[in-house]
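Here are some notes for a colleague who has not seen this structure before. Please read them with the model open.

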Amino acid sequence: MSLTNCRFYEEKYPEIDSFVMVNVKQIADMGAYVKLLEYDNIDGMILLSELSRRRIRSIQKLIRVGRNEVVVVLRVDKEKGYIDLSKRRVSPEDIVKCEERYNKSKMVHSIMRHVAEKTQVPIEELYESIAWPLNKKYGHSIDAFKLSITNPDVWNDVTFSSDAVAEELKSYIGKRLTPQPTKVRADVEVTCFGYEGIDAVKTALRTAEAKNTEDNQVKVKLVSPPLYVLTSTCLDKNIGITRLEEAIVDIRKNIEEAGGSLIVKMEPKAVTESDDAELQALMEKRERENAEISGDEDVSESDDENPDTI
């Protein structure tokens, strides 16, 4: 029994009509030889006739050595070890579902391999006692692992071979799977040349923060008029993006009612530390450029105390 190599699932072979992830190893006259990545790299073959629905002019354009492909299982000969596969019978929706499952399973395998190396327990034993039972109860063990971070009762369904295995697994899951906050940002230009002017801009920008909750807050920062940055930090990137999109709608509605306008310079998106560093550098540059300007009669005392926020 290998310390770190094992199939991802309890079944030794995939079922007919199931979708699997393979890696292309060799291209021959008959088709392509592949390894089934989720089944401990057992051999399979995609026949030439199963590569494409269209006439094949160049097999190299359809499939390449070293590339991962989603295929469907046509036949399984367990005695001889033959697995016939098809690429042409796979739809785009099948690819998405298979890739999602494969990525989940690959994450579980990474965790199992780490625990096996640390505790010197063969990885298949860990699968048998931990991952495969959790697959049955929770649909996929990665979902059980994530749930265990906030609900330790998940482990009531698991029989650990030793305290060392339990401690290493729980510790590593905490490090790998604890959600990390994501920062989402959008850049907008807000102007108003009407009667209310800068006060209308301030009022409009404050609408972005009007719907703030404890878990999801939008903050507005001035870079240099008329450029402002909206940010939101939350665990779910998509929720953060949606929240900024709603904030932009609110600001635009408010400023347009006052005779002004809003232009989106950067659509809401998740940003990295380097993006933040670039923004900070831009803000410092604008600050230096404006350093010789002494005050602004339109800025209130509260704004003087905290000039970079609205």
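1. Strand pairing around E1. In this predicted model, strand E1 (residues 19-27) runs antiparallel to strand E4 (residues 68-77), and five bridges join the two. One of the contacts to look up is Val 22, whose bridge partner in E4 is Glu 69. E1 also pairs with strand E2 (residues 31-36), again in the antiparallel sense and over five bridges. Here Gln 26 has Tyr 33 of E2 as its bridge partner. Three residues lie between E1 and E2, and the two strands form a hairpin.

2. Domains. The protein is divided into domain 1 (18-89), domain 2 (96-177) and domain 3 (182-290). The centres of domain 2 and domain 3, taken over C-alpha atoms, are 41 Å apart.

3. Aromatic pairs. There are six aromatic pairs in the structure. In one of them, Phe 8 and Tyr 102, the ring centres are 6.4 Å apart and the planes stand at 25 degrees; planes under 30 degrees apart count as stacked, so this pair is stacked. Phe 8 belongs to the segment before E1 and Tyr 102 to helix H2 (residues 92-119), so the pair ties together parts that are 94 residues apart in sequence. Phe 8 and Tyr 102 are both buried. Another pair, Trp 155 and Phe 160, is tilted, with 5.7 Å from centre to centre and 50 degrees between the planes. Trp 155 has 9% relative accessibility and therefore counts as buried.

4. Aromatic cluster. Phe 8 and Tyr 102 also belong to one aromatic cluster together with Tyr 9 and Tyr 39.

5. Largest nonpolar core. Which residues have the most contacts inside the largest nonpolar core? They are Leu 85, Ile 111, Met 112, Tyr 127, Ile 130, Phe 145 and Leu 169, in a core of 50 residues. Two or more residues come from each of E1, E2, E4, strand E5 (82-86), H2, helix H3 (123-138), helix H4 (141-148) and helix H5 (163-177). Domain 1 (18-89) and domain 2 (96-177) each give at least three residues to this core.

6. Leaving aside residues up to four places away in sequence, Phe 145 touches Val 108, Ile 111, Met 112, Ile 130, Leu 134, Trp 155, Leu 169, Ile 173 and Leu 177.

Definitions and conventions: Residues are numbered from 1 along each chain as its sequence is written. This is a predicted model: local features need pLDDT of at least 70, side-chain atom pairs count only at pLDDT 80 or more; totals for chains, interfaces and linings use all residues. Side-chain values use heavy atoms; hydrogens and water are left out. Domain bounds come from an automatic or database domain assignment. Two strands pair if DSSP finds at least two bridges between them. Helices (H or I, at least four residues) and strands (E, at least two) are DSSP runs, numbered from the N terminus. Rings of Phe, Tyr and Trp (its six-membered ring) pair if their centres lie within 6.5 Å; planes under 30 degrees apart count as stacked, over 60 as edge-to-face and the rest as tilted. Buried means under 20% relative accessible area, exposed over 50%, partly exposed in between (1.4 Å probe, protein chains only). A nonpolar core is a set of buried Ala, Val, Leu, Ile, Met, Phe, Trp, Tyr and Cys residues joined through side-chain atoms within 4.5 Å. Contact means heavy atoms within 4.5 Å.
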